[in-house]
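User: Please walk me through a few local features of this model. Keep it brisk.

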Amino acid sequence: MSFPLFTPFTLGSVTSRNRLVVSPMCQYAAVDGMPNDWHLAHLGRFAQGGFGIIMLEATAVVPEGRITHGDLGLWSDDHIPAFTRLSHFIKQQGVVPAIQLGHAGRKASSARPWHGNGSLQVDGPADHGQPWLTMAPSAIPMAEGWHTPKEMTSLDMETLKAQWVSATQRALQSGFEFLEVHAAHGYLLHSFLSPLSNLRQDAYGGDLDGRMKFPLEVVEAVRAVWPDDKPLAVRISAVDGLDGGISIEDSTRFAQELKSRGVDIVDCSSGGIAGGASAARVARKPGFQVPFAQAIRAGAGIKTMAVGLIMDPVMANDVVAQGQADLVALGREALVNPNWPLHAYRSLTGDTSFDQWPVQAGWWLDRREWSLNPTAAAAG
Ligand SMILES: Cc1cc2nc3c(=O)[nH]c(=O)nc-3n(C[C@H](O)[C@H](O)[C@H](O)COP(=O)(O)O)c2cc1C
């Protein structure tokens, strides 16, 4: 039997030891965008747990692009040493350090999830923090009660592109080897793509070509400074899951345009464009977004990453074996079990050793196994 989930994957000069990615997960634990010990421990346990690629959470390219006051950011050179500490540890464990850069658009200036999401209020609880001005392609709030964003001018767009470029350069200087542009979940770039949030009358709105224009310009600007031999991904919401929203055909077109601009892989998520921060629009069941990754991989001829309620090692292996996606990302399941890849390897392959584990654990676990089962130890 073959286990393609555990085969190496190379893009350019970067090789992941297997196909398992830690999906970006905001911790809302930063102060002024700065990573701290929490982030090192959070990411470190996945690095010790056998993943091939670890993607840092949405990292804002400007302070106003944060979802909450607790988001990471790379808007100044002062951030570089703290990010380097994270990439360094990840790399030391044989894992590819990846980072997602984003701008939250009209979903910026929000409360942390456990404070109820939604827009921050001037008269809200002190520990939620003060709101700031948000911006988006059109001055349409996310949902009732949310901030009305400022409609971006062409100067805003030019400025933001340059800021995106600077953050990309800082990500490189911080030792990251894999970069993802966040164009999903209703944040700024997705809100340009979706006809539900982009009602612009200029060249950056209208039909799909117009709505793709700014996201593609950002991707081009990023690709121009991100080294050719280092992988560039874009995360999309493959469908909005709402009437009149983005369809899988739209996303396949977008993926073709991304490919022609040197994007290596499309990370296929869905939803998030309207109706609250955690509105679930696409019916959820294990592997529910895998068909999006499969359709885009086949339709655009580009590599894809599948994500969303993938919990079972057999399902994860099948996704790769059946050519539905090239990489498999885990979010909450990684929180449940940071050692998921190590357990999945043993359960899929039947290998009873702990050879794949960090030696600091594996050495002891092998001996525990032998003391529980001396006959196997003697035979082995
Ligand atoms: C705590 C948490 C934070 C998240 N933060 C991000 C993020 O920063 N960027 C992003 O694209 N997705 C984010 N997501 C979505 C995940 O990356 C993933 O796509 C989603 O949880 C579905 O995968 P799962 O079912 O394996 O958790 C977050 C999810 C969780 C649970």
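Analyst: Leu309 sits in the loop between β12 (303-307) and α8 (313-321). Helices (H or I, at least four residues) and strands (E, at least two) are DSSP runs, numbered from the N terminus. Residues are numbered from 1 along each chain as its sequence is written. The model is predicted: local features need pLDDT of at least 70, side-chain atom pairs count only at pLDDT 80 or more, and totals for chains, interfaces and linings use all residues.

User: What is the phi of Leu309 near?

Analyst: Most residues other than glycine have a negative phi. Leu309 is not glycine, yet its phi is positive. The value is near 50°.

User: Is His185 buried or exposed?

Analyst: A residue is buried if 20 or more other C-beta atoms lie within 10 Å of its own, exposed if 12 or fewer, and partly exposed in between; C-beta atoms are placed from the backbone. His185 lies in the loop between β9 (178-183) and α4. His185 has 22 other C-beta atoms within 10 Å, so it is buried.

User: How far apart are the end C-alpha atoms of helix α6 (residues 248-260)?

Analyst: The expected span of a helix is 1.5 Å times one less than its number of residues. Helix α6 has 13 residues, so it should span 18 Å. The model agrees: the end C-alpha atoms are 18 Å apart.

User: Which residue with positive phi follows α6?

Analyst: The buried residues of α6 include Phe254 and Leu258. After the helix comes a residue with phi near 90°. That residue is Gly262.
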